[in-house]
Amino acid sequence: MAARLALSRWRAAPAAAGRGPLLSCRRWSGAKADTVYDVVVSGGGLVGAAMACALGFGAWDHICNMRYRAFRRMQVWDACSEALIMFDKDNLDDMGYIVENDVIMCALTKQLEAVSDRVTVLYRSKAVGYTWPYPFPMTDSSPWVHITLGDGSTLQTKLLIGADGHNSGVRQAAGIQNVSWNYDQSAVVATLHLSEATENNVAWQRFLPSGPIALLPLSDTLSSLVWSTSHEHAAELVSMDEEKFVDAINSAFWSDANHTDFIDSAGAMLQYAVAFLKPTKVSARQLPPSVARVDARSRMSFPLGLGHAAEYVRPRLALIGDAAHRVHPLAGQGVNMGFGDISSLVHHLSAAAFNGKDLGSMSHLTGYETDRQRHNTALLAATDLLKRLYSTSATPLVLLRTWGLQATNAVSPLKEQIMAFASK
Ligand SMILES: Cc1cc2nc3c(=O)[nH]c(=O)nc-3n(C[C@H](O)[C@H](O)[C@H](O)COP(=O)(O)OP(=O)(O)OC[C@H]3O[C@@H](n4cnc5c(N)ncnc54)[C@H](O)[C@@H]3O)c2cc1C
């Protein structure tokens with residue numbers, strides 16, 4: 001699809017910049033006020049930049065030249081019992097890839113340079129206002145969306161794509177309702193050095209009563225940490241000295257302090273029953289690698305919340321990524337959902353462009369909304385339910401989730417369905 005497209009990229013608060021691009025920013029000089037862009041993407045985070053790249057998506061080649069890690073298994077287990085679920089492929093194929101934010105951002109930036117004949121990137125440029133066209137043509141009125149930038153200049157476009165994160169100014173300016181709440185948790189992230197080099201191709205996640213802790217492989221000796229916990233504990237983890245922090249991580253993965261005899265016996269009963277009915281397939285619990293140290297300055301924390309826009313589209317407007325949905329990181333699906341939005345939107349826009357239709361028309365934008373809301377709402381609801389179910393050590397709920405996890409682990413087709421759904 002050939003399109004004239006502008007991407008506005010604004011580097012916001014230092015914390016967000018830490019997760020965002022590590023770029024040498026250049027000032028915008030190319031866009032002209034009287035140009036009508038086919039598409040303008042407001043927001044140059046992971047999702048907005050990928051949307052712009054989707055015009056000629058070759059970013060994966062750049063990622064392969066930098067750093068990514070395939071994982072072949074995923075083990076998720078409960079700190080209050082022996083229950084676990086193991087996802088893998090029978091033939092040990094790769095299940096997915098762990099790629100750091102900065103690597104994706106760098107690859108997307110390279111790709112944006114490669115499509116610079118079609119995409120203008122407005123670095124250090126903040127959108128400060130949006131003017132929508134009247135619903136019906138009127139004399140002297142513009143049929144396009146107008147975007148006002150911080151330096152007072154304006155852009156006009158047939159389709160504005162809001163990719164400006166969970167506090168989306170585009171969504172607010174359009175008056176689109178957003179269901180949202182904050183969780184009582186923040187997530188601590190860090191890059192960790194393992195005690196010894198390993199194959200390191202397993203993604204680990206353990207549900208502690210205070211929140212899930214995940215260790216995701218980056219290389220033979222490096223893994224990435226995402227530890228969701230109370231705000232107070234997160235602040236403590238970020239400020240404690242390195243040795244204590246490393247001890248806290250190892251203990252969070254290894255300690256059985258939250259086990260009770262009753263739950264262990266009840267879990268063992270179901271495990272025997274499963275082994276009797278299905279004697280061949282046993283997923284033994286494995287222990288994650290131990291952590292030796294943390295990369296200096298890689299430790300930071302982010303408050304967590306859920307959000308969902310009631311509408312993803314309006315005439316001449318589409319929301320994608322966190323602007324449309326914000327999810328707890330326990331399923332590692334946030335940006336994947338954003339990439340799924342891109343794939344769907346590109347599909348619908350390509351069909352519209354091929355048929356010579358107006359890119360901002362609702363006739364194809366609603367197709368995108370239907371596809372993605374169906375998928376995203378199910379994932380948001382499931383993630384929120386899991387967060388709540390695992391945020392307690394109350395015996396009846398621990399028993400329920402122990403049996404639920406063991407039963408799910410025993411039913412391979414169900415696990416395959418879960419994997420297939422998460423990858424959409
Ligand atoms: C701790 C943590 C761990 C996570 N782990 C995972 C994981 O393992 N897997 C996964 O898939 N997802 C994960 N996520 C989710 C993922 O980080 C987000 O879903 C993703 O970053 C959203 O990207 P985005 O581009 O939609 O929004 P953002 O990253 O918020 O980017 C929005 C961009 O828009 C810009 N912007 C905002 N307003 C304006 C404006 N007015 N003008 C111009 N630009 C503007 C911002 O500066 C920013 O660059 C995690 C999230 C957290 C908090």
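Predicted model: local features only at pLDDT ≥ 70, side-chain atom pairs only at ≥ 80, totals over all residues.

Modeller: Residues are numbered from 1 along each chain as its sequence is written, and side-chain values use heavy atoms, with hydrogens and water left out.

Colleague: How many helices and strands does the protein have, and what counts as one?

Modeller: The protein has 12 helices and 19 strands. Both are DSSP runs numbered from the N terminus, a helix being H or I over at least four residues and a strand being E over at least two.

Colleague: What makes Asn250 count as buried?

Modeller: Buried means under 20% relative accessible area, exposed means over 50%, and partly exposed lies in between, with a 1.4 Å probe and protein chains only. Asn250 has 17% relative accessibility, so it counts as buried. Asn250 lies in helix α7, which spans residues 242–254.

Colleague: Which residues does Asn250 touch, and which backbone nitrogen does its side chain reach?

Modeller: Not counting residues up to four places away in sequence, Asn250 touches Ser290 and Val291, where contact means heavy atoms within 4.5 Å. The side chain of Asn250 reaches the backbone nitrogen of Val291 at 2.9 Å. A polar contact is a pair of N or O atoms within 3.5 Å; within protein, one must be able to donate a hydrogen and the other to accept it, and residues adjacent in sequence count only if both atoms are side-chain atoms.

Colleague: Why is Asp247 called partly exposed?

Modeller: Asp247, also placed in helix α7, has a relative accessibility of 47%, and therefore counts as partly exposed. Asp247 and Arg293 are 46 residues apart in sequence and 9.4 Å apart in space, C-alpha to C-alpha.

Colleague: What makes Arg297 exposed and Ser298 buried?

Modeller: The relative accessible area of Arg297 is 81%, so Arg297 is exposed, whereas the value for Ser298 is 15%, so Ser298 is buried. Arg297 is placed in the loop between β15 (291–294) and β16 (300–309), and Ser298 lies in the loop between β15 and β16. Although Arg297 is not a glycine, it has a positive phi of about 65°. The side chain of Ser298 reaches the backbone nitrogen of Thr191 at 2.9 Å, and Ser298 touches Val189, Ala190 and Thr191 when residues up to four places away in sequence are not counted.

Colleague: How do you know that α2 is largely enclosed by the rest of the structure?

Modeller: Eight of the eight residues of α2 are buried, so α2 is described as largely enclosed by the rest of the structure. The buried residues of α2 include Leu46, Val47 and Met51.

Colleague: Which residues touch the most other members of the largest nonpolar core?

Modeller: A nonpolar core is a set of buried Ala, Val, Leu, Ile, Met, Phe, Trp, Tyr and Cys residues joined through side-chain atoms within 4.5 Å. The largest nonpolar core has 56 residues, of which Ile320 and Leu345 touch the most other members. Helix α2 (residues 46–53) gives the most to this core, with seven residues. Leaving aside neighbours within four places in sequence, the contacts of Ile320 include Val47, Met51, Leu345 and Tyr368. Apart from this core lies another, of 24 residues, among them Trp77, Val202, Ala234 and Met240.

Colleague: Why is α11 called roughly perpendicular to α12?

Modeller: Helix α11 (residues 395–410) and helix α12 (residues 412–422) pack at an angle of about 95°, with their axes 5 Å apart. Angles of 65 to 115 degrees count as roughly perpendicular, under 35 as roughly parallel, over 145 as roughly antiparallel and the rest as oblique, so α11 is roughly perpendicular to α12. Axes are lines fitted to C-alpha atoms, for helices over the stretch in contact, and angles run from 0 to 180 degrees between N-to-C directions. Thr408, Asn409 and Ala410 in α11 meet Ser412, Leu414, Lys415 and Ile418 in α12.

Colleague: How many disulfides does a search of the whole structure find?

Modeller: The search finds zero disulfides, a disulfide being a pair of cysteine sulfur atoms within 2.5 Å.
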